[in-house]
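Below is a walk through one protein model, from its overall form to individual residues. Please keep the structure open while reading.

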Amino acid sequence: MSADGFATVALVGGTGPLGRGLAARWAAAGVRVWLGSRDPVRAEESVAKLRSSLPADAAPITPAGNQQAVDLAQLVVLAIPYEALEAQLSGLTGLGAGRVVVSTAVPMEFRGGVPVAIHPEAGSAAQMVRSLCPEASVVAALHTVAASQLLHLDRRLDEDVLLCGDDPSAAEQVAELVARIQGLRPVAAGALANAAACEGITPLLLTLNRLHRATTGIRITGI
Ligand SMILES: NC(=O)c1ccc[n+]([C@@H]2O[C@H](COP(=O)([O-])OP(=O)(O)OC[C@H]3O[C@@H](n4cnc5c(N)ncnc54)[C@H](OP(=O)(O)O)[C@@H]3O)[C@@H](O)[C@H]2O)c1
């Protein structure tokens, strides 16, 4: 737990755009982050690049191997591609009972340059994560937030983040963490079985981005 009582975060695959963007936003909001990679040197390079953009009072971002990040932080965010989940998760230990694991993966591919959802046998990427770490509390979140927006701290965010999970306390922890990022509103979206619907929004947003030359996100009305 960090000094202010918030969970500390491990970003598995933290060197990618989503991982770096989340690391920057959380550190700027005072959340301590371990930025993980398969190669600790790559993690160090990513952290060195991020440091120059962070405010002076930001919490530390510490480079680490993925396993070390998982061992040191309380809450684990998987920021790796869908295709990498199975191999990466079978190589990690410590994702057992009591761990909160956040699945951000969007199962999709580009066909002829067009983003298309693909449909995992487990029902969704998040349910696949749960089948790979059955004791952990898996929460699906952050699929619709563009890394490009997160990475530029001067860009104002103004969007919702749908969260699905079967453990209400884990979903609440992730909601609190999401809410630490100014401009993101967490919205509880029920059981992990709903994750497929959340993951499926992203290919549509990417199509909208292209059609409207924009960077889109989502907003749920009426709440
Ligand atoms: N980019 C976005 O705007 C965005 C938005 C919402 C959700 N997402 C989801 O967030 C996840 C990360 O997105 P991203 O764009 O940051 O992905 P990415 O750049 O393709 O990958 C992120 C990191 O994952 C690691 N990685 C890549 N291939 C791997 C493999 N085969 N095995 C293990 N690790 C591997 C790499 O880190 P190391 O080489 O350092 O280990 C890489 O830097 C994806 O599942 C994506 O669907 C992305």
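Helices (H or I, at least four residues) and strands (E, at least two) are here DSSP runs, numbered from the N terminus. The model is a predicted one: local features need pLDDT of at least 70 and side-chain atom pairs count only at pLDDT 80 or more, while totals for chains, interfaces and linings use all residues. Residues are numbered from 1 along each chain as its sequence is written.

The protein has 8 helices and 10 strands. Its C-alpha atoms fill a box of roughly 40 × 40 × 35 Å along the principal axes. The radius of gyration, taken over C-alpha atoms, can be set against a globule rule of 2.2 Å times the number of residues to the power 0.38. For 223 residues a compact globule would have a value near 17 Å, and the 16 Å of the protein agrees with that.

A residue is called buried if 20 or more other C-beta atoms lie within 10 Å of its own, exposed if 12 or fewer, and partly exposed in between, with C-beta atoms placed from the backbone. By this count, 44% of the 223 residues are buried. Two residues are in contact if their C-beta atoms, placed from the backbone, lie within 7 Å. Of the contacts between residues at least 6 apart in sequence, 74% join residues at least 24 apart.

Around the ligand there are 25 residues, of which Gly13, Gly16, Ser37, Ala84 and Ala147 come nearest. Helix H1 (17-28) and helix H4 (85-90) are the elements that give two or more residues to this shell. H1 gives the largest share, 3 residues.

Val129 sits in helix H5 (residues 125-132). Val129 counts as buried because 29 other C-beta atoms lie within 10 Å. Beyond its neighbours within four places in sequence, Val129 has contacts that include Leu78, Leu85 and Val138. Val102, 27 residues from Val129 in sequence, is 9.0 Å from it in space, C-alpha to C-alpha.

Two residues call for a look at the backbone. Most residues other than glycine have a negative phi. Leu142, although not a glycine, has a positive phi of about 75°. Leu142 lies in the loop between strand E8 (137-140) and helix H6 (147-151), and is buried, with 28 other C-beta atoms within 10 Å. Arg213, also not a glycine, has a positive phi of about 45°. Arg213 belongs to the segment after helix H8 (195-212), and is exposed, since 7 other C-beta atoms lie within 10 Å.

Definitions and conventions
Near = placed C-beta within 6 Å.
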